[in-house]
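This report goes through the strands, the charged side chains and the backbone geometry of one protein model. The sequence and structure come first.

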Amino acid sequence: MVDLFVDRILVKNNKDRDELDTEREIVLRLQNRILMLFFGTWDCEQCQEFAPTLSDFYKHLTDEFYVERAAQLVLIFVSLDDSEDQHDKFLKELPKRCLFLNYEDPYRKELGVMFEVEEVPRVVVVRPDCSVLLPNAVTEITDLGPQCYQNWQEASEIIDRNFELHEEFDENKMRSLTDPLRRIKYKVEDEKKKKKKKKKKKRGFLGGGGDEEEEGDVGDDEEDNNETEKSPW
């Protein structure tokens, strides 16, 4: 996520419009957080109707009035307005804690092309590794409210170490009962699949046969079979 804005200037939606204009500031603000890119325009009626819902959603997850500690979530408004006046009017409808790109910054339009934004309102949810978690979360935010954040957090595999003891950092710890459905919906891959993909890419890069199985893969399968035979179940 940091890579998307490391060379840009993000502005806080407060009275002074403080700028985050150094790499250190950007990293501190965005690192290890889920990013919501809100694309909208002031002259879009649906955008104006959705803005209060989005603001309440974000406030309930980040404002100390509602939570003891803010969620690892960042909202960035990407205006697609045709005038600075419209851009500024929309900002008044959004939370003070959100960030935005200056109207003069052409990167606004570049992001629209990058994420294939053809209609608004649009909320693109991005994982910390810059991969897209949800191409448009408007309906989910409207229907589920803040409850959907936990799914986003688990699907992004963000670890909030402030709420876990050291001995609890275990890769094999049990997930929630809804984890299988969540992994399908948000296309989360387990570590075994990730390793296999990396091996396939490596074989292709080295010129190996695409259908041949590496020794490591065979060994893993044999080990799994042996364990199955030994099991009394």
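Two strands are taken to pair if DSSP finds at least two bridges between them. The model described here is a predicted one.

## Sheet layout

By that criterion, seven strands form an open sheet with mixed pairing, in the order β2-β1-β5-β4-β3-β6-β7. The edges are taken by β2 and β7, each of which has a single partner strand, so one side of each lacks a neighbour in the sheet.

Strand β3 (residues 34–40) runs antiparallel to β6, and five bridges join the two. On the β4 side, β3 runs parallel to its partner, with seven bridges between them. Lys12 has Leu99 in β5 as its bridge partner.

## Covered strands

In a regular strand the side chains alternate between the two faces of the sheet. Are the two faces of β4 covered or open? Both are covered: Leu73, Leu75, Phe77 and Ser79 are buried on one side, and Val74, Ile76 and Val78 are buried on the other. Seven of the seven residues of β4 (residues 73–79) are therefore buried, where buried means under 20% relative accessible area.

Strand β6 (residues 122–126) has five of its five residues buried. One side carries Arg122, Val124 and Val126, and the other carries Val123 and Val125.

The C-alpha atoms of Gln153 and Leu73 are separated by 9.1 Å, although the two residues lie 80 apart along the chain. Gln153 counts as buried because its relative accessibility is 18%.

## The β6–β7 hairpin

Strand β7 (residues 132–134) pairs with β6 in the antiparallel sense over two bridges. Val125 has Leu134 in β7 as its bridge partner. The hairpin has five residues between the strands, and Cys130 takes a positive phi near 80 degrees there.

## Salt bridges

Side chains of opposite charge can pair when their charged atoms come close. The count of salt bridges comes to five, with a side-chain nitrogen of Lys or Arg required within 4 Å of a carboxyl oxygen of Asp or Glu. One of them joins Asp105 and Arg8, at 3.7 Å from N to O. This pair links distant parts of the chain, 97 residues apart: Asp105 lies in the loop between β5 and α5, and Arg8 in the loop between α1 (2–5) and β1. Asp105 is buried because its relative accessible area is 14%, whereas Arg8 is partly exposed at 27%.

Glu64 and Arg97 form another salt bridge, with their closest N and O atoms 2.5 Å apart. Glu64 lies in the loop between α3 (45–62) and β4, and Arg97 in the loop between α4 (84–91) and β5, so the pair ties together parts 33 residues apart in sequence. Glu64 is partly exposed at 48% relative accessible area, and Arg97 is partly exposed at 37%.

Asp85 and Lys89 also form a salt bridge, the closest N and O atoms being 3.5 Å apart. The two are separated by about one helical turn because they are four residues apart in helix α4. Salt bridges that share partners also join Arg8, Asp105 and Glu110 into one network.

## Negative patch

Asp16, Asp18, Glu19 and Asp21 form a negative surface patch. Asp18 sits in the loop between β1 (10–12) and β2 (19–20). It counts as partly exposed because its relative accessibility is 34%.

## Backbone exceptions

Most residues other than glycine have a negative phi, and most peptide bonds are trans. Which peptide bond is cis? The bond that joins Val120 and Pro121 is cis, with omega about 5 degrees. Pro121 is placed in the loop between α5 (107–114) and β6.

Arg17 is not a glycine, yet its phi is positive at about 50 degrees. Like Asp18, Arg17 is found in the loop between β1 and β2. Its relative accessibility is 33%, so Arg17 counts as partly exposed. Asn32 also has a positive phi, near 60 degrees, and is found in the loop between α2 (23–30) and β3. Asn32 is partly exposed, at a relative accessible area of 35%.

Terms used: Residues numbered from 1 in each chain as written. Predicted model: local features only at pLDDT ≥ 70, side-chain atom pairs only at ≥ 80, totals over all residues. Heavy atoms only, no water. Buried < 20%, exposed > 50% of the residue type's maximum accessible area, 1.4 Å probe, protein only. Patch = residues over 30% accessible without salt bridge, like charges linked within 9 Å, V, L, I, M, F, W, Y side chains within 5 Å. Areas by Shrake-Rupley, 256 points an atom, 1.4 Å probe, with all protein chains shown as cover. Lys, Arg positive; Asp, Glu negative; His and termini not counted. Charge placed at Lys NZ, Arg CZ, Asp CG, Glu CD.
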